[in-house]
Amino acid sequence: MSFVTVNGVQLYYEIRGEGKPLLLIMGITAASAVWEKHVSHWEKEYQCILFDNRGVGLSDKPEGPYTTAQMADDSAALLDALSIPNAAVVGVSMGGAIALQMSIRHPEKVAAMVAMCPWASCDRKGEAIFRHITHIKAHLRPEQFANFMQLLIFDKPTFDDDAEFEGLLSGQKGAALEAIQQPLHGLEAQAEACISHNVVAQLSQIKSPTLVIGGKQDMFVPEWMVQEVSDGIPNSELHLYDNAGHAFHWEKLDDFNPRVLNWLKANY
(Lines give C-alpha, C1' and ligand atoms only; values in the text may rest on other atoms or scores of the structure.)
Protein backbone atom coordinates (compact mmCIF):
# COMPACT_ATOMS: atom_id res chain seq x y z
CA MET A 1 0.00 0.00 0.00
CA SER A 2 1.22 3.49 -0.86
CA PHE A 3 0.62 6.74 1.00
CA VAL A 4 1.65 10.34 0.50
CA THR A 5 1.11 13.39 2.71
CA VAL A 6 -0.36 16.42 0.95
CA ASN A 7 -1.97 19.54 2.40
CA GLY A 8 -1.65 18.12 5.90
CA VAL A 9 -3.46 14.84 5.20
CA GLN A 10 -2.17 11.38 4.32
CA LEU A 11 -3.75 10.02 1.15
CA TYR A 12 -3.82 6.39 0.11
CA TYR A 13 -3.13 5.87 -3.59
CA GLU A 14 -2.55 3.09 -6.08
CA ILE A 15 -1.04 3.10 -9.57
CA ARG A 16 -2.05 0.53 -12.16
CA GLY A 17 -1.09 0.15 -15.80
CA GLU A 18 1.32 2.02 -18.01
CA GLY A 19 1.06 4.87 -20.47
CA LYS A 20 -0.16 8.44 -20.14
CA PRO A 21 -1.39 9.22 -16.61
CA LEU A 22 -5.11 9.05 -15.86
CA LEU A 23 -6.21 10.43 -12.47
CA LEU A 24 -9.47 8.94 -11.15
CA ILE A 25 -11.43 10.90 -8.52
CA MET A 26 -14.19 9.04 -6.67
CA GLY A 27 -17.52 10.30 -5.34
CA ILE A 28 -19.04 10.80 -1.90
CA THR A 29 -18.96 7.84 0.54
CA ALA A 30 -16.80 5.75 -1.81
CA ALA A 31 -13.19 4.58 -1.68
CA SER A 32 -11.00 4.18 -4.75
CA ALA A 33 -11.70 0.44 -5.04
CA VAL A 34 -15.12 1.36 -6.48
CA TRP A 35 -13.30 2.18 -9.75
CA GLU A 36 -12.50 -1.50 -10.31
CA LYS A 37 -14.98 -2.17 -13.13
CA HIS A 38 -13.44 0.72 -15.07
CA VAL A 39 -9.77 0.67 -14.17
CA SER A 40 -9.53 -3.00 -15.11
CA HIS A 41 -10.40 -1.86 -18.64
CA TRP A 42 -8.53 1.45 -18.81
CA GLU A 43 -5.26 0.24 -17.27
CA LYS A 44 -4.56 -1.62 -20.50
CA GLU A 45 -4.02 1.74 -22.21
CA TYR A 46 -3.21 4.24 -19.44
CA GLN A 47 -1.37 4.61 -16.15
CA CYS A 48 -4.33 4.81 -13.79
CA ILE A 49 -3.87 6.70 -10.52
CA LEU A 50 -6.53 5.85 -7.94
CA PHE A 51 -6.74 7.38 -4.48
CA ASP A 52 -9.05 7.71 -1.51
CA ASN A 53 -10.34 11.24 -0.98
CA ARG A 54 -9.89 12.77 2.44
CA GLY A 55 -12.62 11.48 4.72
CA VAL A 56 -12.91 7.93 3.39
CA GLY A 57 -11.09 4.64 2.87
CA LEU A 58 -7.47 4.44 3.96
CA SER A 59 -6.85 8.19 3.71
CA ASP A 60 -6.95 10.52 6.71
CA LYS A 61 -10.36 11.62 7.91
CA PRO A 62 -9.93 15.01 9.59
CA GLU A 63 -12.88 16.91 10.98
CA GLY A 64 -14.72 18.98 8.38
CA PRO A 65 -16.22 20.70 6.70
CA TYR A 66 -14.28 20.06 3.50
CA THR A 67 -14.61 21.92 0.20
CA THR A 68 -14.30 20.73 -3.38
CA ALA A 69 -11.58 23.36 -3.85
CA GLN A 70 -9.64 21.81 -0.96
CA MET A 71 -9.99 18.33 -2.43
CA ALA A 72 -9.00 19.61 -5.86
CA ASP A 73 -5.83 20.94 -4.23
CA ASP A 74 -5.32 17.47 -2.71
CA SER A 75 -5.61 15.94 -6.18
CA ALA A 76 -3.16 18.41 -7.71
CA ALA A 77 -0.71 17.91 -4.84
CA LEU A 78 -0.89 14.15 -5.32
CA LEU A 79 0.24 14.59 -8.94
CA ASP A 80 3.07 16.83 -7.74
CA ALA A 81 4.14 14.24 -5.17
CA LEU A 82 4.25 11.62 -7.93
CA SER A 83 6.23 13.97 -10.22
CA ILE A 84 3.42 13.94 -12.79
CA PRO A 85 3.13 17.38 -14.43
CA ASN A 86 -0.34 16.80 -15.87
CA ALA A 87 -2.89 14.07 -16.47
CA ALA A 88 -6.28 13.35 -17.89
CA VAL A 89 -8.77 13.54 -15.04
CA VAL A 90 -11.91 11.42 -14.67
CA GLY A 91 -14.21 12.30 -11.78
CA VAL A 92 -17.57 10.82 -10.79
CA SER A 93 -20.28 12.68 -8.84
CA MET A 94 -18.43 14.53 -6.06
CA GLY A 95 -15.31 13.54 -7.98
CA GLY A 96 -16.77 15.29 -11.02
CA ALA A 97 -17.23 18.44 -8.95
CA ILE A 98 -13.65 18.11 -7.71
CA ALA A 99 -12.44 17.66 -11.30
CA LEU A 100 -14.17 20.91 -12.27
CA GLN A 101 -12.43 22.70 -9.43
CA MET A 102 -9.11 21.16 -10.42
CA SER A 103 -9.55 22.41 -14.00
CA ILE A 104 -10.27 25.89 -12.67
CA ARG A 105 -7.65 26.07 -9.91
CA HIS A 106 -4.90 23.99 -11.56
CA PRO A 107 -5.55 24.18 -15.32
CA GLU A 108 -1.95 23.30 -16.19
CA LYS A 109 -2.40 19.90 -14.55
CA VAL A 110 -5.58 18.88 -16.41
CA ALA A 111 -4.76 17.78 -19.96
CA ALA A 112 -8.31 16.50 -20.53
CA MET A 113 -11.33 15.92 -18.32
CA VAL A 114 -14.22 13.47 -18.16
CA ALA A 115 -16.82 14.84 -15.74
CA MET A 116 -19.31 12.12 -14.77
CA CYS A 117 -22.65 13.29 -13.28
CA PRO A 118 -21.12 16.60 -12.14
CA TRP A 119 -22.88 19.73 -10.95
CA ALA A 120 -21.87 23.39 -11.02
CA SER A 121 -23.97 24.41 -8.02
CA CYS A 122 -26.23 22.71 -5.52
CA ASP A 123 -29.88 23.76 -5.26
CA ARG A 124 -32.11 23.35 -2.20
CA LYS A 125 -33.29 19.89 -3.16
CA GLY A 126 -29.71 18.76 -3.76
CA GLU A 127 -28.71 20.12 -0.36
CA ALA A 128 -31.64 18.29 1.24
CA ILE A 129 -30.54 15.01 -0.35
CA PHE A 130 -26.94 15.38 0.81
CA ARG A 131 -28.06 16.20 4.35
CA HIS A 132 -30.48 13.27 4.37
CA ILE A 133 -27.65 10.95 3.34
CA THR A 134 -25.82 11.95 6.53
CA HIS A 135 -28.98 11.45 8.60
CA ILE A 136 -29.43 7.96 7.13
CA LYS A 137 -25.80 7.15 7.86
CA ALA A 138 -26.27 8.16 11.49
CA HIS A 139 -29.27 5.91 12.08
CA LEU A 140 -28.98 2.79 9.89
CA ARG A 141 -26.71 -0.24 9.81
CA PRO A 142 -24.12 -0.33 6.97
CA GLU A 143 -26.17 -2.76 4.87
CA GLN A 144 -29.26 -0.55 5.25
CA PHE A 145 -27.27 2.53 4.29
CA ALA A 146 -25.97 0.69 1.22
CA ASN A 147 -29.56 -0.15 0.26
CA PHE A 148 -30.55 3.52 0.54
CA MET A 149 -27.65 4.59 -1.68
CA GLN A 150 -28.60 1.92 -4.24
CA LEU A 151 -32.15 3.29 -4.34
CA LEU A 152 -30.66 6.73 -4.98
CA ILE A 153 -28.23 5.85 -7.76
CA PHE A 154 -29.66 2.93 -9.74
CA ASP A 155 -32.54 3.15 -12.20
CA LYS A 156 -35.52 0.76 -12.41
CA PRO A 157 -34.04 -1.64 -15.04
CA THR A 158 -31.28 -2.61 -12.60
CA PHE A 159 -33.82 -3.64 -9.97
CA ASP A 160 -35.93 -5.46 -12.56
CA ASP A 161 -33.00 -7.58 -13.81
CA ASP A 162 -32.63 -10.73 -11.69
CA ALA A 163 -28.85 -10.95 -11.95
CA GLU A 164 -28.35 -7.23 -11.31
CA PHE A 165 -30.72 -7.34 -8.33
CA GLU A 166 -28.75 -10.22 -6.85
CA GLY A 167 -25.68 -8.03 -7.24
CA LEU A 168 -27.39 -5.27 -5.26
CA LEU A 169 -28.23 -7.68 -2.46
CA SER A 170 -24.67 -8.96 -2.46
CA GLY A 171 -23.43 -5.38 -2.25
CA GLN A 172 -25.56 -4.78 0.83
CA LYS A 173 -24.12 -7.85 2.54
CA GLY A 174 -20.61 -6.77 1.59
CA ALA A 175 -21.16 -3.33 3.07
CA ALA A 176 -21.85 -4.88 6.45
CA LEU A 177 -18.55 -6.76 6.31
CA GLU A 178 -16.27 -3.93 5.17
CA ALA A 179 -13.31 -3.66 7.52
CA ILE A 180 -13.05 0.11 7.10
CA GLN A 181 -16.37 1.94 7.43
CA GLN A 182 -16.53 5.64 6.58
CA PRO A 183 -17.05 7.51 9.86
CA LEU A 184 -20.06 9.80 10.10
CA HIS A 185 -17.88 12.89 10.46
CA GLY A 186 -16.07 12.00 7.22
CA LEU A 187 -19.34 11.71 5.33
CA GLU A 188 -20.66 14.92 6.86
CA ALA A 189 -17.48 16.75 5.84
CA GLN A 190 -17.73 15.46 2.26
CA ALA A 191 -21.42 16.34 2.12
CA GLU A 192 -20.64 19.93 3.10
CA ALA A 193 -18.15 20.08 0.23
CA CYS A 194 -20.86 18.93 -2.17
CA ILE A 195 -23.40 21.43 -0.83
CA SER A 196 -21.07 24.46 -0.90
CA HIS A 197 -19.69 23.67 -4.37
CA ASN A 198 -20.43 26.53 -6.78
CA VAL A 199 -18.38 27.09 -9.93
CA VAL A 200 -21.09 28.40 -12.26
CA ALA A 201 -19.25 31.65 -12.88
CA GLN A 202 -15.91 29.90 -13.47
CA LEU A 203 -16.96 27.20 -15.95
CA SER A 204 -16.08 29.39 -18.93
CA GLN A 205 -12.46 29.42 -17.72
CA ILE A 206 -12.07 25.69 -18.41
CA LYS A 207 -10.08 25.22 -21.62
CA SER A 208 -9.09 21.56 -21.49
CA PRO A 209 -10.99 19.11 -23.73
CA THR A 210 -13.99 18.02 -21.69
CA LEU A 211 -16.51 15.19 -21.92
CA VAL A 212 -19.55 15.51 -19.66
CA ILE A 213 -21.61 12.36 -19.09
CA GLY A 214 -24.84 11.76 -17.19
CA GLY A 215 -27.92 9.58 -16.90
CA LYS A 216 -31.31 10.92 -17.97
CA GLN A 217 -33.05 9.17 -15.05
CA ASP A 218 -30.54 10.36 -12.43
CA MET A 219 -32.54 11.55 -9.40
CA PHE A 220 -29.41 12.37 -7.41
CA VAL A 221 -27.75 14.71 -9.93
CA PRO A 222 -30.59 15.39 -12.39
CA GLU A 223 -30.14 15.99 -16.09
CA TRP A 224 -30.43 19.78 -15.79
CA MET A 225 -27.40 19.91 -13.49
CA VAL A 226 -25.28 17.92 -15.93
CA GLN A 227 -26.53 20.06 -18.82
CA GLU A 228 -25.60 23.24 -16.93
CA VAL A 229 -22.01 22.04 -16.64
CA SER A 230 -21.78 21.17 -20.32
CA ASP A 231 -23.38 24.44 -21.40
CA GLY A 232 -20.91 26.41 -19.28
CA ILE A 233 -17.68 24.81 -20.55
CA PRO A 234 -16.60 26.04 -24.00
CA ASN A 235 -16.52 23.31 -26.65
CA SER A 236 -17.35 20.52 -24.21
CA GLU A 237 -19.03 17.34 -25.40
CA LEU A 238 -22.13 15.93 -23.70
CA HIS A 239 -23.49 12.40 -23.60
CA LEU A 240 -26.63 11.46 -21.67
CA TYR A 241 -27.63 7.82 -21.27
CA ASP A 242 -31.26 6.79 -21.64
CA ASN A 243 -32.74 4.47 -19.00
CA ALA A 244 -29.86 5.05 -16.61
CA GLY A 245 -29.49 6.77 -13.27
CA HIS A 246 -26.60 8.16 -11.29
CA ALA A 247 -24.76 4.86 -11.66
CA PHE A 248 -24.99 4.95 -15.48
CA HIS A 249 -21.32 3.96 -15.63
CA TRP A 250 -22.26 0.55 -14.20
CA GLU A 251 -25.69 0.26 -15.79
CA LYS A 252 -24.20 1.00 -19.24
CA LEU A 253 -20.78 -0.49 -18.54
CA ASP A 254 -20.27 -2.11 -21.94
CA ASP A 255 -20.76 1.24 -23.67
CA PHE A 256 -19.23 3.49 -21.01
CA ASN A 257 -15.76 1.95 -20.67
CA PRO A 258 -14.88 2.00 -24.40
CA ARG A 259 -16.63 5.36 -24.90
CA VAL A 260 -14.35 7.03 -22.39
CA LEU A 261 -11.32 5.18 -23.70
CA ASN A 262 -12.01 6.21 -27.30
CA TRP A 263 -12.65 9.82 -26.27
CA LEU A 264 -9.36 9.94 -24.34
CA LYS A 265 -7.45 8.55 -27.33
CA ALA A 266 -8.93 11.28 -29.54
CA ASN A 267 -8.45 14.16 -27.09
CA TYR A 268 -5.47 13.35 -24.89
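Which residue forms a salt bridge with Glu43, and how far apart are the closest N and O atoms? In this predicted model, the partner turns out to be Arg16, and the closest N and O atoms of the pair sit 3.1 Å apart. Glu43 belongs to the loop between α1 (36-42) and β4 (47-51), while Arg16 is part of strand β2 (residues 9-16), so the contact ties together parts that are 27 residues apart in sequence. As for solvent, Glu43 comes out as partly exposed, with 23% relative accessibility. Arg16, at 16%, counts as buried, because the cut-off for buried is under 20% relative accessible area.

Across the whole structure, the search turns up 13 salt bridges. One of them joins Arg54 and Asp74, with the closest N and O atoms 2.7 Å apart. Here Arg54 comes from the loop between β4 and α2 (68-81) and Asp74 from helix α2, so this pair ties together parts that are 20 residues apart in sequence. Both ends are tucked away from solvent by the numbers: Arg54 is buried at 5% relative accessible area, and Asp74 is buried too, at 1%.

Helix α2 also supplies Asp80, which pairs with a lysine from another part of the chain. That lysine is Lys109, and the salt bridge brings the closest N and O atoms to 2.5 Å apart. Lys109 is in the loop between α3 (94-105) and β6 (110-116), so the link to Asp80 ties together parts that are 29 residues apart in sequence. The two ends of this bridge fall into separate accessibility classes. Lys109 is buried, with a relative accessible area of 9%, whereas Asp80 is partly exposed at 46%.

On the surface, Asp161, Asp162, Glu164 and Glu166 gather in a patch of negative charge. These four count towards a patch because patch residues have over 30% relative accessible area and no salt bridge. One of the four, Glu166, is found in helix α7, which covers residues 162-177.

Methods. Residues are numbered from 1 along each chain as its sequence is written. This is a predicted model: local features need pLDDT of at least 70, side-chain atom pairs count only at pLDDT 80 or more; totals for chains, interfaces and linings use all residues. Side-chain values use heavy atoms; hydrogens and water are left out. Patches are made of residues with over 30% relative accessible area and no salt bridge: like charges are joined within 9 Å, nonpolar side chains (Val, Leu, Ile, Met, Phe, Trp, Tyr) within 5 Å. Accessible areas come from the Shrake-Rupley method with a 1.4 Å probe; for residues, only the protein chains shown count as cover. A salt bridge is a side-chain nitrogen of Lys or Arg within 4 Å of a carboxyl oxygen of Asp or Glu. Lys and Arg count as positive and Asp and Glu as negative; His and the chain ends are not counted. The place of a charge is taken as NZ of Lys, CZ of Arg, CG of Asp or CD of Glu. Helices (H or I, at least four residues) and strands (E, at least two) are DSSP runs, numbered from the N terminus. Buried means under 20% relative accessible area, exposed over 50%, partly exposed in between (1.4 Å probe, protein chains only).
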